[in-house]
Amino acid sequence: MEFLPLDLDISKKIGNRKIEGEWFLKLGEDYFKTGNFQKAIQNFEQYRRIIKLEDWVGEGSANGKLGDTYNSVGNVDEALNFFKKQLNIATEVGDKKSEE
């Protein structure tokens, strides 16, 4: 994870929002795996804000990851909120796999 912030900084400087979003996603996943759920939430939120502008399926995925993370810290209401958002997007775009 030590190289990610440098790569993230480069992505920001060159204005590549898609790559910038992917770095936030990767950071969030790494923090989730290590049990640092607050940092995971922060990075998944950043990913969701960036990807929301360009990619509905990516936004749905971000909502699912946020739901998983909130569920892991015992915030079931917030988890359900994000799972519902994920389901709404999946239904809207016809993503049957995500609807399951």
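**Salt bridges and a nonpolar surface patch**

A salt bridge is formed between Arg48 and Glu45, with the closest N and O atoms 3.0 Å apart. The model in which this pair occurs is a predicted one. Both residues belong to helix H3 (residues 37–51), where a spacing of three residues places them about one turn of the helix apart. Arg48 and Glu45 are both buried; for Glu45 the relative accessible area is 14%.

Glu45 also forms a salt bridge with Arg49, for which the closest N and O atoms are 3.8 Å apart. This second pair likewise lies in helix H3, its members being four residues apart, again about one turn of the helix. Arg49 counts as partly exposed because its relative accessibility is 47%. Through salt bridges that share partners, Glu45, Arg48 and Arg49 are joined into one network.

In total, three salt bridges are counted. Another of these connects Glu29 with Lys65, with 3.0 Å between the closest N and O atoms. This pair links distant parts of the chain, since Glu29 is located in helix H2 (residues 17–33) and Lys65 in helix H4 (residues 56–72), 36 residues apart. Glu29 has a relative accessibility of 25% and therefore counts as partly exposed; Lys65, at 22%, is also assigned as partly exposed.

Apart from the charged pairs, a nonpolar surface patch of about 270 Å² is made by Trp56, Val57 and Val93. Of these residues, Val93 is placed in helix H5 (residues 76–93). With a relative accessibility of 36%, Val93 counts as partly exposed.

Methods:
Residues are numbered from 1 along each chain as its sequence is written. This is a predicted model: local features need pLDDT of at least 70, side-chain atom pairs count only at pLDDT 80 or more; totals for chains, interfaces and linings use all residues. Side-chain values use heavy atoms; hydrogens and water are left out. Patches are made of residues with over 30% relative accessible area and no salt bridge: like charges are joined within 9 Å, nonpolar side chains (Val, Leu, Ile, Met, Phe, Trp, Tyr) within 5 Å. Accessible areas come from the Shrake-Rupley method with a 1.4 Å probe; for residues, only the protein chains shown count as cover. A salt bridge is a side-chain nitrogen of Lys or Arg within 4 Å of a carboxyl oxygen of Asp or Glu. Helices (H or I, at least four residues) and strands (E, at least two) are DSSP runs, numbered from the N terminus. Buried means under 20% relative accessible area, exposed over 50%, partly exposed in between (1.4 Å probe, protein chains only).
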